[in-house]
Amino acid sequence: MKQVTKEHWNGYDTYVLHSGELEVTMIPRLGNNIISVRDLKLNRDIVRRPGEEELAFYLQKPYHFGLPILIPPGRIRKGQFEFDGVPYQFDRNTANDNHIHGLHRNQSWRCSDIEEDEDGCSVTTELLTESDPHWMEQYPIPLRLEMTYRLQGTVLIQTLRVTNLGEKTAPFGLGYHTWFMVDGEPERWRLKLPVNGVYEQDSEQLPTGVITSLDHLEQLSSGLSLKGTNLDTVLRATEGPAEAVLTRDDGYQIRYTADEQYFKYWVLYTKGECDQYLCIEPYTWLSDAPNFPDPVGDGGLIRLEPQQSIDLKTQIHIIYP
């Protein structure tokens, strides 16, 4: 059961990681996104899966399905900033002429390794950003991105290794826009998340620099019911373990853990009043971080020195009653 098989979605090759409990489908040649996490024991989708008929929408907005990779996450005012003397101009792709959700969309990643062992299986893929001219127009420092997806029983582990191949320091940020299904039953689910403040946003959904109290979200510390929630909220993580826990009333649980050294922000998004899904989004940087007075300290921007590599890890753990 612990194996990787090759299948297809809309003519694109997919790799499917199998364990006795879960089945994870990734699509390297179309953004390297995980487009499906299937719970085999309960016969349910854990994340929002694109249907074959939704290819056009997927190509336009791939971050609306599965576990999309955001490099970098969130909005950047007018898509513009300067870092260590290098000017950057990202595409302006919002109604307000700002940039949203990064340069990574539908690039083709190369599969570099497949492993199968007694404990689980994994697929490693690679993208050299120099191979994408439009990426380099916006972000002129070349990076090597290596993603390993590993499935061990009921645990999916993601490790993104980022290497700066350039000669200047690179400003880096990562987020995941993960679409967890709640199956049209938000009243059955509660979310526990270790956060201690809300980042105020202006009319263009860019942070003002003000951090407010949690108010009605105080229950996140003990378990917030999803019934009636309508969220598009940026939250500051507390110090210590970074783990979101989504629990159904029968004890079924999804634990979403991020490396606390880097992931210091969470975004919660329900796309209107919560019904079918809740997006739980761990971010390493805050929206518009490069334009903060202190991008590293206040915004979480990672300074990636020339030839430096870092590993950014997250995991999703399914726990049965």
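**Salt bridges, an open sheet and a buried histidine**

Asp13 and Lys6 pair up through their side chains in a salt bridge, with N and O 3.7 Å apart (a salt bridge being a side-chain nitrogen of Lys or Arg within 4 Å of a carboxyl oxygen of Asp or Glu). The model is a predicted one, in which local features need pLDDT of at least 70 and side-chain atom pairs count only at pLDDT 80 or more, while totals for chains, interfaces and linings use all residues. Residues are numbered from 1 along each chain as its sequence is written, and side-chain values use heavy atoms, with hydrogens and water left out.

The structure has 16 salt bridges in total. Another one links Arg303 and Asp84, at 3.2 Å from N to O. Arg303 sits in strand S27 (residues 302–304) and Asp84 in the loop between strand S8 (80–83) and strand S9 (86–89), so this pair ties together parts 219 residues apart in sequence. Helices (H or I, at least four residues) and strands (E, at least two) are DSSP runs, numbered from the N terminus. Both partners are partly exposed, Arg303 at 38% and Asp84 at 41%.

Glu185 also gets a partner: Arg188, with the closest N and O atoms 3.3 Å apart. Glu185 is partly exposed at 26% relative accessibility, and so is Arg188 at 23%. Through shared partners, salt bridges join Glu185, Arg188, Arg248, Asp249 and Asp250 into one network. In general, side chains of opposite charge can pair when their charged atoms come close.

Turning to the strands, five of them make up an open sheet in the order S1-S2-S3-S4-S5, with antiparallel pairing (two strands pair if DSSP finds at least two bridges between them). Strand S1 (3–9) and strand S5 (44–45) are at the edges with a single partner strand each, so one side of each has no neighbour in the sheet. S1 and strand S2 (residues 12–18) run antiparallel and are joined by seven bridges. Across this pairing, His8 stands opposite Asp13 in S2.

His104 is buried, at 4% relative accessibility. Leaving aside residues up to four places away in sequence, His104 touches Gly31, Ile69, Ile71, Trp109, Leu127 and Trp135, where a contact means heavy atoms within 4.5 Å. The His104 side chain comes to 3.0 Å from the backbone oxygen of Gly31, and a polar atom of that side chain lies 3.3 Å from the backbone oxygen of Ile69. His104 and Asp84 are 20 residues apart in sequence, and their C-alpha atoms are 22 Å apart in space.

Finally, the cysteines. With a disulfide taken as a pair of cysteine sulfur atoms within 2.5 Å, the count is zero. Cys111 is in no disulfide, its nearest cysteine sulfur being that of Cys121, 12 Å away. Cys274 is likewise in no disulfide, with the sulfur of Cys279 nearest at 9.6 Å. Cys111 is partly exposed at 24%, while Cys274 is buried at 4%.

Definitions and conventions
Buried means under 20% relative accessible area, exposed over 50%, partly exposed in between (1.4 Å probe, protein chains only). A polar contact is a pair of N or O atoms within 3.5 Å; within protein, one must be able to donate a hydrogen and the other to accept it, and residues adjacent in sequence count only if both atoms are side-chain atoms.
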